[in-house]
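Here are my comments on the model you sent. They are set out as numbered points, to be read beside the coordinates.

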Amino acid sequence: MTQPSGWYDDPNDPTQVRYWDGVVWTDRTSPKLNPNVERSSIGSPSPTETGTGDASQESRGTGRPSPWSAPGQQAGGSHPQGGGPFRQGGDAYRPAPQYGRQGFYAARPTTPDGQPLSGWWRRAVARIVDGIIVALITIPFTFWAYGPVEDSAQRWVDDVLQAARAGSTQTPPIPGDVLRYVAIISAISFVLYGIYEVLLLSRTGSTPGRRLVGISVRLRDQPGPPPVRAMIERYLVKEGPVIVGMLPTIGIFASLFMLVNYLWPLWDPHKQALHGKLVKTNVVLGPQPRRGSRPDGSAAGHH
């Protein structure tokens, strides 16, 4: 069920109330008011605005219900659920919604030591940015191979366009030398991307794309940059299907695995993809401490 919007006990500070907009907590907070202290009428609706009797009589404790109080409440009273006094001249506040108990709010998942996990969209944006960077790095290493197949590639494109204009539903086969060129590009990109990811993640836990969106990679049970071996295994599971996908028949299953792998964090309780589960890593919000640093971030001294 959905909790209605209003002022509730702040789940982080019992001396304050926080406004719940019906979906998430807002940044609007206010100290709880003592019901025995006479309240200011500043900001309170006038009797003509509310269509009821003398509001000043209510503030003096006549017992008549306030026109802007919670339903069934007396001025200066308490919410029937036991949430303490409510404020006159504004929304009543009630006991804070309980995390994960009524289905309208759930705490952000974390690692066992409390670091918040990244959402799926941040990871997707980081991958796009890193992919663009690696593509730019790859161009000088693959441009040399394009010359010998340029004519074959252009003839194949012309054949495809001609078949389309003729209304044919069959695509002309890709020339063998063009396929070899695509395989070379894929292999070089795979190696360069692997060096990029393994080197940066094992040193800092992050890459330029991940730093841009404020996330990093760590072992689930231990903060800091993950070890090199774990990052190699992680990369092979994550990107290996790109190479396998070029093979006939089995490539379909490799492509399906890649799709499932990238979507898996959307429903996984620990926000892990399959490659993350294999090596027990998590993508988290924030950077990782440098290897060998103390918990407070200072460098460890030599003894």
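1. Basis. This is a predicted model, in which local features need pLDDT of at least 70 and side-chain atom pairs count only at pLDDT 80 or more, while totals for chains, interfaces and linings use all residues. Residues are numbered from 1 along each chain as its sequence is written, and side-chain values use heavy atoms, with hydrogens and water left out.

2. Overall content. The protein has nine helices and six strands; helices (H or I, at least four residues) and strands (E, at least two) are DSSP runs, numbered from the N terminus. Of its 303 residues, 33% are buried, where buried means under 20% relative accessible area, exposed over 50%, and partly exposed in between (1.4 Å probe, protein chains only). Among contacts with a separation of 6 or more, 54% are between residues 24 or more positions apart; contact means heavy atoms within 4.5 Å.

3. Helix α3. This helix covers residues 120-142, and its 23 residues should span 33 Å at 1.5 Å a residue; the end C-alpha atoms are 32 Å apart, which agrees. The expected span is 1.5 Å times one less than the number of residues. The buried residues of α3 are R123, A126, D130, V134, T138 and T142. These buried residues pack against α5, α6 (208-213), β5 (215-219), α9 (274-279) and β6 (281-285).

4. α3 with α5. The two axes come within 9 Å and cross at roughly 120°. Axes are lines fitted to C-alpha atoms, for helices over the stretch in contact, and angles run from 0 to 180 degrees between N-to-C directions. The pair is therefore oblique; angles under 35 degrees count as roughly parallel, over 145 as roughly antiparallel, 65 to 115 as roughly perpendicular and the rest as oblique. The crossing of α3 and α5 is right-handed, a crossing being left-handed if the near helix is turned anticlockwise from the far one by less than a right angle, and right-handed if clockwise. On the α3 side the contact includes R127, D130, V134 and T138, which meet α5 residues including Y181, I185, L192 and Y196. By class, the contact of α3 with α5 has ten nonpolar, four polar and two charged residues. Here Ala, Val, Leu, Ile, Met, Phe, Trp, Tyr, Cys and Pro count as nonpolar, Asp, Glu, Lys and Arg as charged, and the others, Gly among them, as polar.

5. α5 with α7. The axes of α5 (residues 176-204) and α7 (residues 228-244) come within 9 Å and cross at roughly 150°. That makes α5 roughly antiparallel to α7, and the crossing is right-handed. Among the residues in contact are F190, Y193, E197 and L201 of α5 and M231, R234, Y235 and K238 of α7. The contact of α5 with α7 divides into eleven nonpolar, five polar and four charged residues.

6. α7 with α8. How are α7 and α8 (residues 250-263) packed? Their axes are 8 Å apart, at an angle of about 155°. That makes α7 roughly antiparallel to α8; the crossing is left-handed. The contact is made by V237, K238, E239, P241, V242 and V244 of α7 and I250, G251, A254, F257, M258, N261 and Y262 of α8. These residues divide into nine nonpolar, two polar and two charged.

7. G209 and R210. Both sit in helix α6. G209 is buried, at 0% relative accessible area, and R210 is buried at 9%. Not counting residues up to four places away in sequence, G209 touches A126, V129, D130 and Y196. With that exclusion, R210 touches A126, D130, E197, L201, I215, V217 and R234. The C-alpha atoms of G209 and A124, 85 residues apart along the chain, are separated by 9.7 Å.

8. Positive phi. K271, in the loop between α8 and α9, has phi near 55°, a positive value in a residue other than glycine. K271 is partly exposed, with a relative accessible area of 26%. K280 lies in the loop between α9 and β6, and its phi is near 60°, again positive in a residue other than glycine. At 55% relative accessibility, K280 counts as exposed.
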